[in-house]
Amino acid sequence: MVLKEVFALEQIGFPILSLLLFLPVLVIILLHFTRTEKLVYPIALLGAVAELVLASILAFAFVPNVADVQFVEQLGPIPWLGVSYHLGVDGINILFVPVTALLTVLVVIYAEYAAKADARRYLMATLALHATMIGAFVSLDLVLFWIFFVLELVPSYYLITRWGTGANRERAAREYVTFMLAGSALMLAGIIALGVNAHAHAGEVSFDYVELLRAPVASELQTIVFFLMFFGFAVKAPVFPFHTWMPKVLEEGPVVGMSVFLVGLKLGTYGFIRFLIPLLPDAAHRWAWLMLSLGVAGMLYGAVIALVQTNLRRLLAFSSLSHMGVVMLGLFAFNHYGLQGGLLQMINLGITGAGLYFVAGFLYSRIGPPDLSAMGGLVERAPWLTAAYLIIALAGVGLPGTGGFNGEHLVMLGGLQVHWAIAVAAGVGTFLTACYFLWFFLQGFIGSPSAGLAPKLPDLRFRERLIGIALGFMIFWIGLDTIPFLRAMSGSLRAVEQMVGAR
Amino acid sequence: MFDIVVAAIPGLPLLAALANGVNGVLGERYPRALQVRVSSGAILLSFLGASWILVQVVLDPSPREVLIGRWFTSGDLAVNFGFLIDSLSAVMMLVTTSISFLIAVFSIDYMHNEKGFSRFFSVLPLFVAAMLVLVMGDNYVLLFLGWEAVGVCSYMLISFYQDRTAAAQAGTKAFVMNRIGDAGFLLGIFLLFANFGTTGYQDVFARVPDVDTGTATAIGLCLLLGAVGKSAQLPLATWLPRAMEGPTPSSALIHAATMVTAGVYMISRSQVLYDNAPDALLVVALVGAATAVYGGVVGLVQTDIKSVLAYSTTTQLGLMFLACGLGAYPIAIFHLAAHAFFKTYLFLTAPSILHHLHGGADVKESGPARQPVPALFTVALMASSGLVAIALLFRWWRSDMIGGAAGDSLSILLALGLIAAFSSAFAAARMAHVALQDTTHGGHHHGPSPIPMAVQLLGLLAALAAVGLAIGLLPGGAPGSWFQQFLAPAVATNPGIPPGSWVFALLLFGLLIVLIFSAWFTTLYVDRFRPEQPGLMFFRRRRLYNLVLNRFWLDELYGALVVRPVWKLGRALDSFDRNVIDWFAGAAPAPQKVRTAVETWEERLLASRAAGAIVAPSGDMAMPTSTWEEEERREKEAAEAETTGVIGWLTRTSADATGWVETEVERHSPGGGAGRLIGTVSGVSTWFEKAIIERSSDLVNHLAELVARISAAFERIVFQSGIHVELPRASSRFAGVLIRTEELLGKRLVIGLIVAAWLLALVAELLWS
């Protein structure tokens, strides 16, 4: 499979992806040297908004419904090493860029409440995290991707240990980093194997995604590389048996910043559809049953555990695990509906999963840990907060008209074509999702107020309302005007489908 | 023009909902009068639009499609915002908008003291818009959009009184039970798409003859599951009575007149599909009949008027399903429309009845028994019974004249028409009865307001419907009535119904008679309002009475079978995660309490190992007298105790597992046979213990563990069958296994080992091949 590349200079006249990547770095440096504390927020906000504007320009200039890689920039490759600075977007990663930028803007908006002390470092770490995320999403070179994938750990570790809320946050951060490093070590081994294979095939080492697509991989090697890389992505996603770090990090970690990125940006499953499935189609086919089983298991397992959580942050961690299962089902169904649904669902989770973490953050700033024992009857005192939770949760449940419906149900449709049991399991999953979100709503927001609840609970403040409105807008936009989103991804997904289906 | 009107019919209420919603969120900037005018005005306009559409459809009955926009496309799947206007949707639009308008007017008075006034008046038009999308959409996905949206509105209105926990619980229950049905509905839509390549009604129905009966049956059953959830049929019937927690106007609108009838609409809409799936249709009929009886019987013993009305709704919906199931779709739709008006009237007068019963002292003084049964009711009752007889006679006459199948099926259909007629007549009788009461107690009004204009208007409509019923429906059972002719392009009586058998017909009439009696008793019962004095012959039998009083224990059954096990499973799984946290924190999981013989034995085994570990280094000197066997045992044990890897874990696990089982067992059976059994088993295991420890070889040590586990499993089985099979316990055992698995998975070492083994196996497999 040969993908056509359209260079950024031809398409838009300036290297927009590099700009997206290095603008945050510039802002970080600026923040570091700013003397006046007052200027810290405005600079960071300006930087984040500029990123969002750039990302929107990128999204609107993107030509939908084709498989071409667009806005490509390439330097290198470095001789002997085969590593090149190769950026580009196609239908698979285009939507992640604006979502990342949007979440960053929202996190920066909220930063004034989230990190009153030492806001400068908080913002710097957040922007650094943002830059590594963007880098990982737009890299087309596997080693470059890997570098960003690992670099992301540095600001994460810093954010968890420095701004975490739990007593055990150090341990959680260590565990997070250990898991990620172990996974990425295996992944690197897989990447190198691919590069060596390319050398055997084309005479030189290359880690370039577009080059690697041309080099066929022997079936036996595919399986090994598939699993090496799978472990890296599975830990990150997280896929069912590798999820144990997640509830801890989300419960102990920072209230908003880090968690939003962790839940919202599905780098792990992105890796599946970006690298694993197109590069190793035979293995993907052979092990699809395993992936589907892991998806079903994670979906039901996470949902059942979420059912009994009393702490919103833990609940969301398991709900995220459950939703990851749905995405897996879509991706490994290998048909257009499934792939499209899975990808759309990843974007949706960027809004809903992350959005609920914002709600948890709002709650945290009012009542401490968002536990049911400290809640109840919030609707009387904070109707905005209640509405924000309800709307985002209903999108998570997959109500028609919200983005969740289209994603989840395309996945079910894709699953049905593989086996009816998958669709039934997905149906049970959505049912359980409704149960746990509404149960929490019933206990925490309606019901009778708990004894410890402050009599005067402030409703959402201006910035928080802004965040809620932005998220609600995105939910209904994706839900009611889905075609532009689906069109953006469909070209590349058809190409993926061909790569897998041709076998 | 036509397109614009069609788009405006759901569009205007939606805009009104948005306007009122924004206003409410911003803190009620506009006065209430304006909010009311916005919402009821929008609904009035869409009512006028619907009437105009009805006229258009009467003039030209061919179905028309109106495309508003595209929603989403993926591969071959293309879903549009498109509306299908034919006689069926025209009738449904008219019913929805007219009743909604009346309710909106009624609510102005009813809700004027409530806190959530603006909330109510933004949800109400939203509901109307959603319901209109449901009945107007030209494809199943749009139907589903409306379907879910009315569900959300229903959720918001049931849990309207936010300070009442019961209301919130009822709302959640309704939503969740509906989700079960919705999962089936969705599966049905997917099956439709997989088999027909489209979800649009017209295309699907055109291609229905191409698929085999099995597929059509599967689709029909999946769709039926959705309808069962939405229309509160068995087995998902229990949410509807609880839904009466909402404000009365919304109960009238959503949980009696419109939303709950969506299932009937969907089945009638899919009639082509169901006609090709006779088995599915039979299930529809059975579900409807069972629900009708369930609702009728349980309704007998309810003690508050809204519950009575809710169960009466359940009954009526069951009858509509029965009609659909027997292929008499037009009758079901007619019944739907008639029922909507009657039931709305009953609901809106319910507050004043309540008021009379509770507020008027003279009701109690005069005593319930002396309240006369209104003459009109008796007449209606006699008329209904007479109709049954006529139907029977008619049936004989027809079969004599024509003979064979046609006569049979016709008589069944007639009987159905009669059921519909009867239920509406009953509703009319109830209405008359209430009206009588109103005149009797006219002087005792205490309430916030006399019966408002809207109700009187409704009364008029109800009377109209009664007239229509008397004239229109009786021939409506037979082909050729005006209503059937009007509906014919969209829905028609299924001609291919298999001929009814004697048994079936008799059952049907039996059902009818039961319903008549139950309705009669219900009426008496509500008049009396004395639950402890059931003058009902049926329920002298205490057990039956209890059974019915508890709604056949359906809620409890679901609780025991589904809710609690899942809950327990979740709790257990959750505790695993905390255990893993403990593991990382370095604290060992707390040891289980030990009480029973086997447990002690296990513990002793472990303790002896631990002791061995400590003693062993100096053991040679401390115990010179020990035999070589014992020494060897100590050494083995010491070595074993140091291996803290998988074996150590296994030991702990088995100890924990047995301990847990034993604690459970003891908790459930403090003595008697259970105790004796424990004694026996512990005796056996003691014997094992002696034999094993004396042998004291490594292999045997492991064997001991195995035996311990087997004995534990044996005990578990014995006790499960010995005491009673408890699903929740079984599930928490399953959870126990999962906990262990997860504990293992939580360890980095284990994960690493798994990954390594996985890769090794792969390499080995490759090398082998």
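Predicted model: local features only at pLDDT ≥ 70, side-chain atom pairs only at ≥ 80, totals over all residues.
**Chain A, overall**

I began with contact range: in chain A, 79% of the contacts with a separation of 6 or more are between residues 24 or more positions apart. I call two residues in contact if their C-beta atoms, placed from the backbone, lie within 7 Å. Residues are numbered from 1 along each chain as its sequence is written, while chains are lettered from A and ligands numbered from 1 in the order in which they are written.

I then listed the secondary structure of chain A and got 23 helices and three strands. Those are DSSP runs numbered from the N terminus, with helices being H or I of at least four residues and strands E of at least two.

Next I looked up the overall dimensions. The C-alpha atoms of chain A fill a box of roughly 70 × 60 × 40 Å along the principal axes.

As for burial, 64% of the 503 residues of chain A count as buried. My cut-offs: buried if 20 or more other C-beta atoms lie within 10 Å of a residue's own, exposed if 12 or fewer, partly exposed in between, with C-beta atoms placed from the backbone.

F71(A) has a positive phi of about 55° although it is not a glycine. I found F71(A) in strand β2 (residues 69-75) of chain A, and it is buried, with 28 other C-beta atoms within 10 Å.

F334(A) is another non-glycine with positive phi, near 60°. F334(A) sits in the loop between α16 (312-331) and α17 (336-367) of chain A. It has 21 other C-beta atoms within 10 Å, so I count F334(A) as buried.

I also checked for cis peptides: the bond from A237(A) to P238(A) is cis, with omega near -10°. P238(A) is in the loop between α10 (219-236) and α11 (245-252) of chain A.

Then I went to the start of the chain. L3(A) is in the segment before β1 (5-7) of chain A. L3(A) counts as partly exposed because it has 18 C-beta neighbours inside 10 Å. Leaving out residues up to four places away in sequence, L3(A) touches A67(A), D68(A), V69(A), V210(A), L213(A) and A495(A). I took one distance too: the C-alpha atoms of L3(A) and P370(A), 367 residues apart along the chain, are separated by 48 Å.

I picked one helix to check, α20 (residues 403-418) of chain A. Its 16 residues reach 24 Å from first C-alpha to last, close to the 22 Å expected at 1.5 Å a residue. That expected span is 1.5 Å times one less than the number of residues. Of the 16 residues of α20(A), 14 are buried, so the helix is largely enclosed by the rest of the structure.

**Chain B**

I counted 30 helices and two strands in chain B. Of its 769 residues, 47% are buried. For contacts with a separation of 6 or more, residues 24 or more positions apart account for 81% in chain B.

Strands β1 (residues 64-74) and β2 (residues 77-85) of chain B pair in the antiparallel sense over nine bridges; I need DSSP to find at least two bridges before I say two strands pair. One of the bridges joins L67(B) to G82(B) in β2(B). The two strands form a hairpin with two residues between them, and G75(B) in the turn has a positive phi of about 55°.

**Where the chains meet**

The contact takes 48 residues from chain B and 51 from chain A. On the side of chain B that touches chain A, α6(B) supplies the largest share, 14 residues. By class, that side has 31 nonpolar, ten polar and seven charged residues. My classes: Ala, Val, Leu, Ile, Met, Phe, Trp, Tyr, Cys and Pro are nonpolar, Asp, Glu, Lys and Arg charged, and the others, Gly among them, polar.
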